[in-house]
Amino acid sequence: MTQGYTFLEDRVISDLAFEATGDTPAELFQAAGLALFEGMADTGRIQPRVRKEIRLKHAQIDQLLYDWLSELIYLKDAAGLLFREFSVQLDQNAEWNLIATVRGEPIDPKRHALRADAKAVTYHQFEVGQTETGGWKARVVVDI
Amino acid sequence: MQINKITDYIWEIPPSEKEGMLVPARIYASEKLMKEMDSGVIEQITNVACLPGIQKYALCMPDGHWGYGFPIGGVAAFSLQDGVISPGGIGFDINCGMRLIRTDLTAADVKPRLKDLLNVLFNKVPAGVGAKGFVKIERKEMAEVMTRGVNWCIKKGYGWAQDCDRIEGGGCLPGGDPSQVSSHAVERGIGQLGTLGSGNHYIEIQVASNENIYDEKLARALGIFGRDQVVVMVHCGSRGFGHQIATDYLRVFDSAMKKYGITVRDRQLGCAPFRSPEGQAYYSAMACAANMAFANRQVITHRIREAFSQVFNEDAERLGLETIYDVAHNVAKIETYEINGKPTELLVHRKGSTRSFGPGRTEVPTLYRDWGQPVIVGGSMETGSYLCIGTQKAETETFGSTMHGAGRTMSRTAARRMVRGNDLQRRMEEHGILVKAVSMSGLAEEAGTAYKNISEVVDTMDAVGVSKKVVQLKPIGNIKG
């Protein structure tokens, strides 16, 4: 299993659904971040000019993924940024600790081929877990 | 699951059909709409019927389709004492709603300048991912938006004093408490006043023709004279501000449910007792978002007036751009209904459903109190919309609720597979409807084929007597996010 994502077609009537994978939880989070922004724009056209650091922690890895994606949606609106590079460090002690650096640039409707505006991450069919081969997988439905 | 036909338009699933159902679930639909109703509606509305403190029925309107937690079109009323409040019964876009603005112009006046008008509107009302509005405010003023809604707009000159008399609840839901709103929500929403959003949100230029008026007296009372009169419909909500509040409290309720011993069949139905600290905090934050949404539609109305004034070189007052009404179709409100013969305050959740009070109800503004609450029903970009009116029957049958739109039948992906945005734009132009969209793929997702037949939806509630048709409105121009 390698880092990546697939959009799930017809999973839900009105929204954006994807499955993300990675060899490690950090890769999974990176893939999910990229899938989220690919749903909103053509990430190939986003230049990694602006850098933001994100720090989050939670005892449950699924809630941490919910918080991670929610934080990215928040930055999209609050800072007006779209991201294409996600560098995630994840450690598990008493709880999961995430330190990430994300890179992108201010939203430009002329260059970014904008798609749907993500409103929120949902708990609908939301799943995070390890696969039989030891990789990591998540299913996410985003309200748009 | 056993579904009993109660009348030609009412279908009931008894509590025996699912463990934990406290009341029956009722779906309002014609035979055809019921046959085509997606199975998610049945599953979700029966889940709603299991929520603590629910009264009488869990209801789904004829435009119902699968949603998160509640189906879209879902209505449920809860006891204030032992009932719950659930963000899943309101939606992420808190106080998503519709506003209808009349004009004294006719299609013949507008069509020659329609392209210009759409261009000006497109620039004045930003839409799509990351759009920022022209209103620049500080946090202190944002707090005033959260508590005062449209009253703040009028004070700032973004509207006319009489607008407040033509909005559900006067454009302000009491109980907003900014201290219950996260800084993330404020930072997401502070630059978004006056923006449309994306998805199915739009500004539409529509025409009211004589042959589409069902009740002339009512139409006149609402400011519609027919004769190809032009009206403007706005569909949008509380933008990132409301989305963040829903995200924040869904997370809070996800853990609060353990504390209160509540289990739900779907994590998206996360809830807390209305009287609990968490429930009260969410209600206060939701009211803030509802007020931001009312303010957003008001600021957009101000920009629409500016656009018409610029294009037609005339004051908006002289062009007759009065608000007809503004409705919230994603919200929870405290309203009084007769339960066991006694007037009782209940918390009514409407998610993709419009309030439909009849004549005499004190919540209906005095201007319309003799007639009932105007009900604005937005259709797809291709098919048209309706202005209806509420009835007293709605108050006894559906907790004063009716449909809010056409209702999707097709996923966005399926719509994109079937329709290309450019082709749709051309086809609509051939049918006399000009469209300007930020995203062509987003446009394809909103094709008329992706929706139910709105006339069938509206006719269902008209036949039941819950809302009555006043006029059908046909689109000629559309701005989409």
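In this predicted model, the lining of the largest pocket draws on both chains, with strand 2 (16-22) and helix 1 (25-40) of chain A and helix 12 (412-418) and helix 14 (440-445) of chain B each supplying at least two residues. Helix 12 of chain B gives the most to this lining, contributing three residues. The space within the largest pocket amounts to about 320 Å³, and of the 16 residues that line the pocket, those closest to its centre are A:Phe7, A:Leu16, A:Gly39, A:Arg115 and B:Arg416.

The axes of helix 9 (residues 239-259) and helix 10 (residues 277-312) of chain B come within 10 Å and cross at roughly 170°; because angles over 145 degrees count as roughly antiparallel, helix 9 of chain B is roughly antiparallel to helix 10 of chain B. The crossing of helix 9 of chain B with helix 10 of chain B is left-handed. On the side of helix 9 of chain B, the contact is made by residues including B:Phe241, B:Ile245, B:Tyr249, B:Val252, B:Phe253 and B:Ala256, with B:Arg239 and B:Lys259 also taking part, while helix 10 of chain B contributes, among others, B:Glu278, B:Tyr282, B:Ala285, B:Met286, B:Cys288, B:Ala289, B:Met292 and B:Asn296. By class, the contact between helix 9 and helix 10 of chain B comprises 13 nonpolar residues, together with three polar and three charged ones.

Methods: Residues are numbered from 1 along each chain as its sequence is written. Chains are lettered from A and ligands numbered from 1 in the order in which they are written. This is a predicted model: local features need pLDDT of at least 70, side-chain atom pairs count only at pLDDT 80 or more; totals for chains, interfaces and linings use all residues. Side-chain values use heavy atoms; hydrogens and water are left out. On a 1 Å grid over the protein atoms alone, a cavity is a set of points where a 1.4 Å probe fits but cannot get out, and a pocket is an open set with protein on both sides within 12 Å along at least five of seven lines; lining residues have an atom within 4 Å of a point. Grid points are joined across faces, edges and corners, and a volume is the space filled by probe spheres set on the points. Helices (H or I, at least four residues) and strands (E, at least two) are DSSP runs, numbered from the N terminus. Axes are lines fitted to C-alpha atoms, for helices over the stretch in contact, and angles run from 0 to 180 degrees between N-to-C directions. Angles under 35 degrees count as roughly parallel, over 145 as roughly antiparallel, 65 to 115 as roughly perpendicular and the rest as oblique. A crossing is left-handed if the near helix is turned anticlockwise from the far one by less than a right angle, and right-handed if clockwise. Contact means heavy atoms within 4.5 Å. Ala, Val, Leu, Ile, Met, Phe, Trp, Tyr, Cys and Pro count as nonpolar, Asp, Glu, Lys and Arg as charged, and the others, Gly among them, as polar.
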